[in-house]
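Dear colleague,

I am handing over the structure below, together with some notes on what was found in it. Please read the notes with the coordinates open beside them.

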Amino acid sequence: MSDDVVHVALLPSAGMGHLTPFLRLAAMLLHHHCKVTLITPHPTVSHAESQLLSRFQSSFPQVNQIQFHLEPLSSSTPNNSSADPFFLRVHAIRDSAHLLSPLLSSLSPPLSSFVSDVFLISSLLPITDALSLPNYLLFTSSAAMFSFFSHFHTLSASLPGLDVVDIPGISPIPTSSIPPVLLQPDTLFRNFFMEDSPKVTKFHGVLVNTFVALEPQSLEALNAGKVVRGMPPVYAIGPFVPCEFEKVGQLGAPLKWLDDQPNGSVVYVGFGSRTAMGRDQIREIGDGLVRSGCRFLWVVKDKIVDREEEVGLDEVLGVELVERLREKGLVMKEWVDQSEILGHRAVGGFVSHCGWNSLMEAAWYGVPILAWPQHGDQKINADVVEMNGLGIWNKNWGWGGERVVKGEEIGEAIKEMMKNEYLKVKAAQLKEVGRKAMSVGGDCEVTLQKLMEELKKNINNV
C-alpha cells in the first residue's frame with residue numbers, strides 16, 4: 001500500500017447512540033478512499049452493538065477491526081456514579097486507554113489521524129499527543145449541545161442557581177433543559193464534563209452530524225470562536241446517511257405490516273437503545289396510542305440493556321391492553337432498524353426521545369416529531385426540533401420518570417402531530433435541504449471535502 005494513504009483510526013465508546021455514527025463516519029471515509037481501522041472495546045454492553053459490528057465487518061471486510069480488551073473497572077469509580085452499564089463501560093475504556101499506545105504505534109501503514117469519542121477526551125488526548133497523531137472529535141449530538149458542552153467548565157459552579165444559561169453566540173438554554181445529573185455534585189457524567197470540556201480546543205477539528213440549515217446559529221458561533229476562544233474547525237458533515245449494513249434481516253414482519261398501511265398514516269413510537277421506561281408509563285403510552293385512533297408501530301423497551309429483556313409483551317403491558325393494541329397497530333419488543341421504518345412511505349409521525357441520531361434520521365426522511373425528551377442531551381435537541389418546525393414538544397411532560405404522563409394527554413398530542421399540516425410541510429422542506437446539503441456542491445459535501453484535504457495534509461505531518 002502507498003505511504004501517502006490517509007489512514008484513520010476510530011474509537012467509539014459504549015452504546016448504539018455512539019457506535020452508529022462512528023460506523024456511518026467509517027463508511028463515509030471508506031467512500032473517500034481512506035484506510036480505516038476501527039477499534040472496538042470488548043465485550044460490548046448490548047446484543048445490538050455486537051450484531052451491528054458483525055454486519056459492518058461483513059459489509060466492509062477491508063476495515064481493520066481491532067478488539068480492544070478492557071481492564072476490570074478500577075476502584076476510582078465514584079461511589080455515587082450512575083449504575084448505567086453504558087457509563088460504567090465508558091469509565092472502563094478511559095481507565096484502559098494506556099493500553100492503546102503500542103497498539104496504535106504498530107499499525108501499518110502508520111496512522112495519519114485519529115477520531116475520538118466525546119466521552120474519552122481526557123484519556124485519549126495524552127496518547128495521541130505523545131504519538132504526534134492529529135486527533136479529531138466526533139461529537140455524537142447536536143451543535144447546540146456541543147456549544148453547551150464546550151462552555152460547561154466556565155459556568156458549572158453557578159449552574160444550580162440559574163434559571164437560564166447564557167452561552168455566547170447562541171440562544172439562552174433554560175436550566176430545566178440541562179441534564180439533572182449535571183446539576184448534582186460528583187456524578188460520573190458530571191465529572192466527565194468537567195474534565196473534558198476545557199480540552200476541546202486541543203483537537204485538530206470537531207466533526208458533527210448536522211447541517212447549516214438545521215443549526216445555523218450554533219455552527220456560526222462555534223466557528224467564529226464566540227463560544228470558546230481557540231475552537232478548532234467545527235465540520236458540519238451530516239446528515240449521516242443510514243447505511244445498508246444497518247438493515248436487520250428479520251425486519252420482514254414490520255415492513256410487511258407497513259406495506260399494508262396507507263401513506264403517512266402510521267405513528268412510529270421508539271425511544272432509542274438506552275431508554276427503559278417504567279411499566280406504568282409504558283401502559284399509559286399504550287392507552288394513548290389506542291385513544292389517538294391512529295395506526296402505529298411501537299417498539300417497547302423496559303430494560304436499559306437488551307441482554308436483560310426476558311419477559312414478553314403480555315407481562316409488560318397486560319393481556320387486556322395487548323388485545324386493544326392489536327386492533328390498530330403492531331407492537332414489538334426487539335431491536336429494529338429504525339431508519340428503515342422512518343423511511344417507509346406509510347410512516348407519517350415519530351414519537352421520539354430526541355436522541356440525536358433519531359432526530360437526524362427523521363430529518364433525512366422528512367418525518368414530523370412528537371418530542372418527548374427522557375434524559376441527557378435530549379431537551380437541548382428537542383429545542384432544535386421545535387425551532388425548525390420539525391415537531392412539537394410538550395414541555396410540561398418533564399424529564400422521563402418525573403411524572404407518569406397519562407394516556408389521554410399522549411393520545412391528544414399524537415393526534416395533534418398527525419393532523420398538523422405545517423409540520424408536514426416543514427419536515428418535507430428539511431428533508432429536501434438536508435439531502436441538498438449532502439449532494440455535490442452542497443454545504444456538507446463541500447465541508448467534507450475540506451476535511452478530506454486536511455486529513456491528507458496530516459499524512460506528511462505525522
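Is Cys 354 buried or exposed? In this model, which is a predicted one, Cys 354 is buried, with a relative accessible area of 0%. Cys 354 sits in the loop that runs between strand S13 (347-352) and helix H14 (356-365), and its phi is near 75 degrees, which is a positive value in a residue other than glycine.

Backbone geometry

As background, most residues other than glycine have a negative phi, and most peptide bonds are trans. Ser 132 belongs to the loop between helix H5 (121-130) and strand S5 (135-139), and with a relative accessibility of 49% it counts as partly exposed, whereas Cys 354 is buried.

Helix H17, which covers residues 421-438, has 18 residues and reaches 26 Å from its first C-alpha to its last, close to the 26 Å expected at 1.5 Å a residue. Its buried residues are Leu 423, Ala 427, Leu 430, Gly 434 and Ala 437. Seen down the axis of H17, these buried residues fall within an arc of 85 degrees, so they line one face of the helix. The face of H17 that is turned away from the buried side carries the exposed residues Glu 432 and Lys 436. At the N-terminal end, H17 is capped by Asn 420, which has a side-chain oxygen 3.0 Å from the backbone nitrogen of Tyr 422.

Helix H3 (residues 85-96) has 12 residues and a reach of 16 Å from its first C-alpha to its last, close to the 16 Å expected at 1.5 Å a residue. H3 is mostly covered, with 9 of its 12 residues buried. Among these buried residues are Phe 86, Phe 87, Val 90 and Ile 93, and also Arg 89, His 91 and Arg 94.

A pocket and a cavity

The second largest pocket has a volume of about 380 Å³. Of the 21 residues that line this pocket, the closest to its centre are Ala 144, Ile 380, Asp 383, Val 384 and Met 387. The elements that give two or more residues to the lining are strand S7 (173-174), helix H8 (216-223) and helix H15 (378-387), and the largest share, 5 residues, comes from H15. Sorted by class, the lining of the second largest pocket has 11 nonpolar, 6 polar and 4 charged residues.

A search of the whole structure also finds 4 cavities of 30 Å³ or more, and the largest cavity holds about 90 Å³ of space. The largest cavity is lined by 13 residues, of which Ser 13, Ala 14, Pro 41, Thr 44 and Glu 49 lie nearest its centre. Strand S2 (35-42) and helix H2 (47-59) are the elements that give two or more residues to this lining, and by class the lining divides into 7 nonpolar, 4 polar and 2 charged residues.

Glu 49, one of the residues nearest the centre of the largest cavity, lies in helix H2 and is buried, with a relative accessible area of 5%. Glu 49 and Asp 4 are 45 residues apart in sequence, and from C-alpha to C-alpha they are 33 Å apart in space.

One further residue

Phe 192 has its place in helix H7 (residues 188-196) and is buried, with a relative accessible area of 3%. Phe 192 and Leu 182 are 10 residues apart in sequence, and their C-alpha atoms are 9.8 Å apart in space.

With best regards

How values were computed:
Residues numbered from 1 in each chain as written. Predicted model: local features only at pLDDT ≥ 70, side-chain atom pairs only at ≥ 80, totals over all residues. Heavy atoms only, no water. Helix = DSSP H or I, 4+ residues; strand = E, 2+ residues; numbered from the N terminus. Expected span 1.5 Å × (residues − 1). Buried < 20%, exposed > 50% of the residue type's maximum accessible area, 1.4 Å probe, protein only. Arc of directions from axis to C-beta. Polar contact = N/O pair within 3.5 Å; in protein donor to acceptor, adjacent residues only side chain to side chain. 1 Å grid on protein atoms, 1.4 Å probe; cavity = no way out; pocket = protein on both sides within 12 Å on 5 of 7 lines; lining within 4 Å. Points joined across faces, edges and corners; volume = space filled by probe spheres on them. Nonpolar A, V, L, I, M, F, W, Y, C, P; charged D, E, K, R; others polar.
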